[in-house]
Amino acid sequence: MIDIDLTRVQGNFSLHAKCMLEAPVVGLFGPSGAGKSTLLGLIAGLIKPNAGHLILNGETLFNDKQAINVPLHQRRIGVVFQDSRLFPHLNVRDNLEYGFNLLTAKDRHLGFNQIVELLEIGKLLTQKPHQLSGGEKQRVALGRALLTSPRLLLLDEPLASLDVRLKHQILPFLRRVKDEINIPMIYVSHAIDEILYLTSHIAMLDHGEILAVGQFNEVIHDQQVLTLAHSLGLENVLHVQVLEHHPDDGFTVTRLASQQINIPLVNSAIASIVSLSVAASNIALSTHKIKGVTIQNQLVGTVTNIQRVDTRVLISVDIGHEIIAEVTAKAIHDMQIELGATVYCLIKTQSIHPLATIA
Amino acid sequence: MATATIFTLSPAEVEALMLSTKVAVYCTLAICIPGVAVAWLLAKKSFFGKSFLDSLVHLPLVLPPVVPGFLLLLLLGSQGFIGKWLQNTFGISIAFTWIGAVIASAVMAFPLMVRSTRLAISQVDTGLEAAAQSLGAHPIRVFFTVTLPLSMPGIITGLILAFSRSLGEFGATITFVGNIEGETRTLPLAIYTYTQVPGGDIAAMRLVILSMVIALGALMISDLLERKATQRIGRGVLHGKDTA
């Protein structure tokens, strides 16, 4: 558990973050310039706060009134940076062992081989960082941080410098780390689908202040949070089960609760779970099932929430999992959609994006 | 003497060569650690009197070499402030010895060493140093395992520049320790001496050629070492260019 109450003033930007983070994995979400990286830097000890306190699992790491400021190298907080920051003069093995070798045997909770296998970087050990691809660099950087057996792992937009294809190759590794290694994480991103792929627990930051902390499905109904999320591109993330592949026709049939969803062909095994992202703006609503339409997915659900943001209306529909559809205010008025109404969510197969291409 | 040719060095010339090499080697060794320390201070720290220290270090570069030589004589000469004390306390005399020549060279070569190293240290990505600390390394360890290896090409350049400067040092040396054959008569002083005596032109020419060979060699070795060091830190072979 992390108790954060930190203030940092720099030029005309000021950050005042006050919150308690209790979930094992928290996605720190907010627009560029909101202060996400600054907050992470304050927690890691890279930047000194002007005032406040920081308590990690009962240990005070910073308190200006008690003049406590545990130095960076003694905090045992791992950081994965956006630009990986591998040491260019050391090969992959020496990079991985840099922090690992500084630990006494009893402080090593994770084995070298365990991490190398988990992240599939065994073949890279003798290479120098400049020989690695962007995705490989981030896997090594993740491994290097994990091997210090940190009490908390901070990930500062680790995928921001990668293209979409590489992102999808790294995301499963992050999920693996989350599932198989019991280390609390704070994952910073301005992409809501990345965060929701890893965790449903988010903290929303804007203009240097924490707007909300909690389950995404709950905090998203806060008008401020919704407005901000909408402006950053509201994505729905669904975890579905693979039923069958149709390679010739280029699609895969999956299941969400009792309904079937056709998605672009993936190579995941039958019965495995695949995560998808669908933009709220790519979901259309209908009051009845439509015949003679090319849209393959017509998912029935109940309207659970209606909220207006500017000229748009965001409608939450429970189709076995709550998803948000974005429509115009006029359409809602004309169709007379109300809370509790039964609607069909129309989603084109091609507007569904599988989030992780390897299982 | 049957095999002696115009290119054969006389014993006095060999002695000048050996002395020059000895002085340059000791000078380079002497300024190695203080040079890196001062360069680190100037590159990384801000403190009261920093610009004064910076100017002081660079002073020998802009002054006529006779001036530092004369100041050294005032300080360390047998009648000098420190020289007298050394003489009375330990019975050590520095003036007019090869050790004095090393000190004169060191003062003149120090700014070159500091400039090159300072530039290299200031170019090391502070993000890498922060990353090393976040992995649990104490700042001192970070200096030796990250900052120093990544500055190595610049440090090597600085050392070679200092070595070459020391080989060529004339003004400060002759002012401080004189021109004593076998003790302080280094290559440049020997060349100067030969040009002052009738018929010494051939000997002077031999030493001029020798000086040029040594200088060229030093520069080529410097280039080679720098390339190797640059490759080692994974930046490719081109100076300062990132091939990754």
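This report describes strands, a nonpolar core and a chain contact in a predicted model.

## Basis of the description

The model is predicted, and local features need pLDDT of at least 70, side-chain atom pairs count only at pLDDT 80 or more, and totals for chains, interfaces and linings use all residues. Residues are numbered from 1 along each chain as its sequence is written, while chains are lettered from A and ligands numbered from 1 in the order in which they are written.

Strand S9(A), residues 185-189, is mostly covered, since five of its five residues are buried (a residue is buried if 20 or more other C-beta atoms, placed from the backbone, lie within 10 Å of its own). Met185(A), Tyr187(A) and Ser189(A) point one way from the strand, Ile186(A) and Val188(A) point the other way, and all are buried. Strands and helices here are DSSP runs numbered from the N terminus, with at least two residues (E) for a strand and at least four (H or I) for a helix.

Strand S3(A), residues 25-29, runs parallel to S9(A) and is joined to it by five bridges, with Gly27(A) opposite Tyr187(A); strands pair if DSSP finds at least two bridges between them. Strand S8(A), residues 152-156, is also parallel to S9(A), through four bridges, and Leu153(A) stands opposite Met185(A).

## A hairpin in chain A

Strand S4(A), residues 51-56, is antiparallel to S1(A), residues 2-10, with six bridges between them, and Leu56(A) is the bridge partner of Ile2(A). Four bridges join S4(A) to the antiparallel strand S5(A), residues 59-63, where Phe62(A) stands opposite Leu54(A). S4(A) and S5(A) form a hairpin with two residues between them, and Asn57(A) in the turn has a positive phi of about 45 degrees.

## The largest nonpolar core

The largest nonpolar core has 167 residues, and those with the most contacts inside it are Leu154(A), Ala203(A), Met204(A) and Cys345(A); such a core is a set of buried Ala, Val, Leu, Ile, Met, Phe, Trp, Tyr and Cys residues joined through C-beta atoms within 7 Å. Helix H5(B), residues 98-122, gives the most to this core, with 14 residues.

Not counting residues up to four places away in sequence, the residues that Cys345(A) touches include Ile283(A), Leu285(A), Val317(A) and Ala325(A), where contact means C-beta atoms, placed from the backbone, within 7 Å.

## Contact between chains A and B

The contact takes 21 residues from chain A and 19 residues from chain B. On the side of chain B, helices H6(B), residues 126-134, and H7(B), residues 139-168, are the elements that give two or more residues, and H6(B) gives the most, with seven.

Notes: A residue is buried if 20 or more other C-beta atoms lie within 10 Å of its own, exposed if 12 or fewer, and partly exposed in between; C-beta atoms are placed from the backbone. Two residues are in contact if their C-beta atoms, placed from the backbone, lie within 7 Å.
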